[in-house]
Amino acid sequence: MSGPRYHRTRAQDQRLLAFECQSCGYVSFPDERRTCKRCGDAPATFEEVRLAERGEVETFVVQEYLPDDIEVPQPLAIVDLPQADGEGESARVYGLLTETELDELSVGTEVEARFRELFDDGERPINSFKFAVPREVKR
Amino acid sequence: MVVVDGIGGYVPLYRIDRDDVAAQHGGRGRGESAVPARDENHVTMASEATTTALERSATAAEDVAAVFTASITDPFAEHGIAAQLAYRLGTSTDVRTGDFQGSARAAADALVTAGEYVRATDQPAVVAAVDVMPVESGGDDEATMGAGAGALVLRPDRDDPMATVDAVGQATTGFLERHREHGESATAGDARFERRHGVAPAASTAFDRAETDADLEYGVASAPGFRLARTALESIDAERVSTFNEVGYAGTATLVLDLCHAIESVDAGSTIGAVAYGQGGADAVVVTVGDGATDPDGLTVAAQLEAKEYVPYVKHLEYRERYDYQGVPNA
C-alpha cells in the first residue's frame, strides 16, 4: 500500500527533491518516472538532485473564478528552478503564488519558494512550496 | 561552551495597524501587530526562521542532533512541530526532537535544554519558537497580539560565532495570573499585581542566578505586554531591544525573535541579557555577540519589519483562524 500522494511525495514537497535523467539530463519534478519524458530512456536511471529555492517565472495564469473560500485572484505559475548545486539543468515546476500582487508578476520575474500550507486533510495542514516575489522587493 | 552558530527571525508580511483595531471598538492605538498569511501555520513559520538560521551557520542539516521547538499556540494536541520541522530541514532520522508548550517560558526551556544537550553530546542542536496569538474581536489585548518565529543553531564551538551563551538562570516561583485556554484569548488578571508580584521578583531573581561578570548593555524581554516586559528588565540597566511596536506579542516566540533582532542589531562584543517571563516564573539568558553576527546573510529581522503590507481589520481576524480548504484538490 503506497498511501496518499502527499505521503509518497513528501521529499519533493518539503525538500524540493527532483530526479535527473542520467541519459539526457532532464530533471523531473515531482514525479520519478520509469521512462524519461524527454529522451524516452526506459527504464530510465534517475539520480536525486536538490532544487534551489529561487527561480524564474516562465509563464503564469491568473485564476479569478474559484470556490468562495479561496482568495482570488490566485496566480498559478510555471517556474524554472535551477539545481541547488548550480550544476545540470533546471526543473520546470508548477506552483501557486502567495503574497504576490499581480503588478509584481510578469514572465521572467524572480520568485522564491516559500514553504506554505497548500491544502488540508481534514484538520491537518499539508505543507509544500508556493512561490512569491522575494520579500526584499516589498521594502 | 555553547555558541550560537546561526540565528533567524521570521516576521509575517502582513500587519494590522493598531489604530484600525481601535477604530472598531473605540480608543486609540499606537504601532502595529504582525498577522500571519492565510496559508501560514506553526510549522511553515518555524521553517522560515530555521532555514535562515541554518543558512547562516556552519552546521549542515544532516549534522543537527536535536530539534527543540516551543509554542504556546500550537492548535494540535497531537501533531507536534519539532518532528515536522526536522523532516523539512532534512535532518537525520536519529535526530532527538522535543516540543515545549504550556507556558510562555517554553522558548527559554527549549533554549536551555538545547544548550545542555550540546554540552552533553558535543553535537549541534536547533531551537525554534513560533506562535500565532489568537484574538477575540473587542478583547482587551486584540491590538497587541502578534505572530512570529525565531530560531537558533547552537553548537559546542566555531570560529567567529554569531554569539556565545555565557550564562543562564531561572526562577520557578509558581506564580500564575495570566492564563489562556487553547484557541482563546487570555484572561489577563490584574496587571499591576502581576508586575509587582509576578514579573519583578521572578525576572530579577533569574538575572541574579545567571552569574556573569559582564555588564549587560542590551536587554530583551518576552512578556505579554509592553509594561510587563519593561518591568522584566528593571533589574538590569540595559537598553531594551524589542519588536513589540511592530510585531506585537508573539507568544513564547518573542524571546527568540527579539534575541535574534538584538544579535543582528548591536555591535560585536556587546552583551545582551534576555528574559522570558511566563506562567510559573522567568528565565534569563546572557549572550555576548560575536564577529560572526556582522552583516549576516539573508533578511534580517529589521528588514522584515520594513517589508510589510497592511491588512484590513476583517483579514486580521480571518487570517488567524483555521480554514477548510485552499488552492488545490486533495490529490
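1. Chain B of this predicted model has a mean pLDDT of 95, and 97% of its residues reach 70 or more. For the model, ipTM and pTM are both given as 0.95.

2. One stretch of chain B should be read with care. Over residues 325-331 of chain B, pLDDT stays under 50. For these residues the model has 15 contacts beyond four places in sequence.

3. The next point is the contact between the chains. Chain A contributes 23 residues to the contact and chain B contributes 28 residues. On the side of chain B that touches chain A, the elements giving two or more residues are helix 2 (42-56), helix 3 (82-89) and helix 9 (301-306) of chain B. Helix 2 of chain B supplies the largest share of that side, four residues. By class, the residues on this side of chain B are 11 nonpolar, nine charged and eight polar.

4. Helix 2 and helix 3 of chain B also pack against each other, with their axes 10 Å apart and an angle of about 50° between them. Because of that angle, helix 2 of chain B counts as oblique to helix 3 of chain B. The crossing of these two helices of chain B is right-handed.

5. Which residues of helix 2 of chain B meet helix 3 of chain B? They are Val43(B), Ala46(B), Ser47(B), Thr50(B) and Leu54(B). In helix 3 of chain B, the residues they meet are Gln84(B), Leu85(B), Arg88(B) and Leu89(B). By class, this contact between helix 2 and helix 3 of chain B has five nonpolar, three polar and one charged residues.

Methods
Residues numbered from 1 in each chain as written. Chains lettered and ligands numbered in written order. Predicted model: local features only at pLDDT ≥ 70, side-chain atom pairs only at ≥ 80, totals over all residues. Contact = placed C-beta atoms within 7 Å. Nonpolar A, V, L, I, M, F, W, Y, C, P; charged D, E, K, R; others polar. pLDDT = per-residue confidence, 0-100. Axes fitted to C-alpha atoms, helices over the stretch in contact; angles between N-to-C directions. Parallel < 35°, antiparallel > 145°, perpendicular 65-115°, else oblique. Left-handed = near helix turned anticlockwise from the far one by under 90°.
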